Amino acid sequence: MKIIRAKDYANMSRQAANIISAQVILKPDCVLGLATGSSPIGIYEQLIKWYQKGDLDFRYVRTVNLDEYVGLDGGYAQSYAYYMRSHFFDHINIDPANTNIPCGTAPDGEAECRRYDELLHSLGTIDLQLLGIGPNGHIGFNEPDSCFTKGTHKVALSEATIRANRRFFEQEEDVPRFAYTMGMCDIMNAERVVLVASGEAKADAVKAAFFGPITPLVSASILQLHPNFTLVADEAALSKV
Ligand code: GLP
C-alpha cells in the first residue's frame, strides 16, 4: 500500500487526477473503474480542465461505474448515472456507448447483476479503479458483512449509509434502501486501485480500513492485500493514524 498525504481536498483531487491522467495518456483505450459521491468531484473537475486544455483525450477510454441505487432511473438527478453525466461525461469527449453503470430500473435484479459481471468480464481487466470510502469503511456499496461478496450483487443499504447519503436527497424517506454494486473480486482484480479520502469525517474509516485487521465488516480493509493500491488522503482524513 502506498499512501499519498495531501494537504487538503483540492490537493488530494489534483494528486489523484494526476494518476488518472497518466493512465489515460499511457493507455488511451484503458478501462477506468469510476466512483461517485462527493469525494471524486474535484478529480473530475481537474480532469475536465486538462481535457479542455487539450492535454487529455477520452475518445477511446472505456468506463465501468461501481454502483447504482435500485429503483432510480438514470434521468433522476440523484441517480449515479445522472451524476456521472453531469460531473464528468458531458464535459469530455468520451463516447457514451463506452460508459457503463448498473441499471437501477432493470426489471430483474439478478439478471442485471449477471449482465454487469459479464460486461466486466468482456472488458477484461480494469486498468485503474477509483474509489471513495463510506464512513463505515464501505467501497462501492459493499456494506459491512460476514463475508466479502465476490461479484456484482444487490445490497440492502445500512442505516449508517442511508444517513450519510441523506444529504443528496430532499428527505430521508427518498434515499433508496437497496443498491447494485460491483463485488470485492471485481474491485480486487483491477490492475491498480486508487482510493481518495478527505475530511475528518473519514478519519475513523481510514484508520479502521488501512491500519486495522482485514475484515468484511470494513470492506475497504481487503485493499491492504492489493499489490498496487494507493491511498490518496488529506491530513484531516489521516488525522487518526
Ligand atoms: C456512496 C458510494 C461510495 C462512496 C461513498 C462515500 O456510498 N456508493 O462509492 O465512496 O458514498 O461518498 P462521499 O465521497 O460522498 O463521502
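**Buried residues and packed helices**

Biologist: Is I94 buried or exposed?

Modeller: The cut-offs are under 20% relative accessible area for buried, over 50% for exposed, and partly exposed in between (1.4 Å probe, protein chains only). I94 has 8% relative accessibility, so I94 counts as buried.

Biologist: What kind of model is this?

Modeller: Residues are numbered from 1 along each chain as its sequence is written, and side-chain values use heavy atoms, with hydrogens and water left out. Local features need pLDDT of at least 70, side-chain atom pairs count only at pLDDT 80 or more, totals for chains, interfaces and linings use all residues, and the model is predicted.

Biologist: Which residues is I94 in contact with, leaving aside its neighbours within four places in sequence?

Modeller: I94 is in the loop between α3 (80-87) and β5 (99-100); helices (H or I, at least four residues) and strands (E, at least two) are DSSP runs, numbered from the N terminus. Contact means heavy atoms within 4.5 Å. With those neighbours left aside, the contacts of I94 are F58, V61, T63, F89 and T99.

Biologist: Which residues is N165 in contact with, leaving aside its neighbours within four places in sequence?

Modeller: N165 lies in helix α5 (residues 159-165). Its relative accessibility is 12%, so N165 counts as buried. Beyond those neighbours, N165 touches Y69, Y80, F141 and V175.

Biologist: What arc do the buried residues of α7 cover?

Modeller: The buried residues of helix α7 (residues 203-210) are A203, A205, V206, A209 and F210. The arc is that of the directions from the helix axis to the C-beta atoms. These residues lie on the same side of α7 because they cover an arc of only 165°.

Biologist: At what angle do α2 and α3 pack?

Modeller: Two packed helices are described by the angle between their axes and the distance between the axes. For α2 and α3 the axes are 10 Å apart, and the angle is about 35°.

How values were computed: Axes are lines fitted to C-alpha atoms, for helices over the stretch in contact, and angles run from 0 to 180 degrees between N-to-C directions.
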